[in-house]
Amino acid sequence: MTNKKEEKIRIVDLLMIAIGCATYAFALVVFNIANQLADGGISGVTLILRALFHIDPAYSTILINIPLIWIGYRFLGRRAIIYTLYGTIMLSAFLWLWQRVPISIPLHHDLFLAGMAAGIFGGAGSGLLYRFGGTTGGTDIIARIVERRQGIPMGQTLLYLDVVVLAASLIYIDVTHMAYTLLCAYIFSRIVNFILNGAYTAKGVFIISDQSQAIIDDIMTDLERGVSIIHGEGGYSHADRPILYVVVSQSELHDLQGLIADRDENAFVTIFDVNEAIGEGFTYSKPKKRSPFRFFS
């Protein structure tokens with residue numbers, strides 16, 4: 001049965017996808033095209049067609065993507081198809097618009113600055129697009145079909161396709177421009193990951209200690225963080241061992257480590273990255289401490 005909540009089309013998604021497409025298209029026109037930098041995926045193919053046959057990327061984006069969306073419709077859900085078609089149309093529309101609006105950002109022919117700007121703006125646009133469930137189709141659909149049919153992970157297929165497109169781009173750009181294109185691609189990927197993983201990074205910590213309750217009290221009092229207790233069992237002794245789980249900000253990690261060491265130097269601690277933390281103290285503020293002078297205020 002289809003999850004109705006998951007398939008719901010949201011206005012905010014459509015708005016943010018449009019903004020993402022506008023930003024990505026802006027980067028492609030104002031930085032990539034203006035400075036002869038290539039690109040990966042279907043966008044890279046449209047730039048090749050533009051260089052060789054003078055075909056407007058606004059038109060070739062739709063011409064290439066529509067058949068791919070038609071072929072891949074059965075591999076996508078209802079909302080994914082709608083969002084993909086919408087994203088493709090929005091991208092084409094904004095590519096058409098930015099090529100006709102007289103915008104020029106003088107970078108004094110500095111390819112380093114052009115590559116950085118293309119990566120930052122393009123990554124921000126794509127990250128926003130992906131974060132709200134959108135896609136512009138293209139190689140994403142091809143990769144999904146290959147994954148279903150051949151079992152090859154999407155990321156691996158996307159990488160291979162990007163390598164092929166970038167290699168083919170050497171037809172119209174030289175090695176120097178390709179080097180700065182790779183710089184753009186690196187920055188692009190970092191920005192996309194930053195937006196998808198959330199701006200607020202955090203650390204997850206598992207703690208096994210004989211002083212569990214004392215550590216819990218210290219964490220809740222000194223750090224004002226909640227602690228979850230997971231009931232574990234020793235693999236050798238089969239004795240019950242509580243496992244503490246807490247999520248803290250990067251700046252609080254050092255304090256947490258000191259707090260644990262003060263209570264139990266032999267505690268077993270595992271620390272790992274948390275890509276996104278949603279809830280009190282992360283996406284909204286922790287309750288304010290009660291003032292010791294509250295009776296006089």
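1. The chain has 11 helices and four strands, where helices (H or I, at least four residues) and strands (E, at least two) are DSSP runs numbered from the N terminus. This is a predicted model, in which local features need pLDDT of at least 70 and side-chain atom pairs count only at pLDDT 80 or more, while totals for chains, interfaces and linings use all residues. Residues are numbered from 1 along each chain as its sequence is written, and side-chain values use heavy atoms, with hydrogens and water left out.

2. Of the 297 residues of the chain, 41% count as buried. Buried means under 20% relative accessible area, exposed means over 50%, and partly exposed lies in between (1.4 Å probe, protein chains only). Among contacts in the chain with a separation of 6 or more, 75% are between residues 24 or more positions apart; contact means heavy atoms within 4.5 Å.

3. The largest nonpolar core holds 30 residues, of which Cys-21, Ala-25, Phe-31, Leu-91, Phe-94, Leu-95 and Trp-98 touch the most other members. A nonpolar core is a set of buried Ala, Val, Leu, Ile, Met, Phe, Trp, Tyr and Cys residues joined through side-chain atoms within 4.5 Å. Helices α2 (11-33), α5 (78-98) and α6 each supply at least two residues of this core, and the largest share, 14 residues, comes from α2. Leaving out residues up to four places away in sequence, Trp-98 touches Ala-22, Ala-25, Phe-26, Val-29 and Ile-103.

4. Apart from that core lies another, of 14 residues, with Ile-207, Val-246, Val-248 and Leu-256 among them. Leu-253 lies in helix α11 (residues 250-263) and counts as buried because its relative accessibility is 10%. Neighbours within four places in sequence aside, Leu-253 is in contact with Lys-203, Val-205, Val-248 and Ile-271. Leu-253 and Lys-203 are 50 residues apart in sequence, yet their C-alpha atoms are 7.3 Å apart in space.

5. Helix α4 (residues 57-72) packs with helix α7 (residues 139-150): their axes come within 9 Å and cross at roughly 25°. That makes α4 roughly parallel to α7, since angles under 35 degrees count as roughly parallel, over 145 as roughly antiparallel, 65 to 115 as roughly perpendicular and the rest as oblique. Axes are lines fitted to C-alpha atoms, for helices over the stretch in contact, and angles run from 0 to 180 degrees between N-to-C directions. On the α4 side the contact is made by Leu-68, Ile-69, Ile-71 and Gly-72, and on the α7 side by Ile-141, Ile-142 and Ile-145. These residues divide into six nonpolar, one polar and no charged; Ala, Val, Leu, Ile, Met, Phe, Trp, Tyr, Cys and Pro count as nonpolar, Asp, Glu, Lys and Arg as charged, and the others, Gly among them, as polar.

6. Gly-137 is in the loop between α6 (111-131) and α7. With a relative accessibility of 5%, Gly-137 counts as buried. It touches Asn-65, Thr-84 and Thr-88, not counting residues up to four places away in sequence. From Gly-137 to Gly-87 the C-alpha to C-alpha distance is 7.8 Å, across 50 residues of sequence.

7. Two backbone angles are worth a look. Most residues other than glycine have a negative phi. Gln-36, in the loop between α2 and α3 (41-53), has a positive phi near 55° and is partly exposed, at 45% relative accessible area. His-54, in the loop between α3 and α4, has a positive phi of about 60° and is exposed, with a relative accessible area of 70%.
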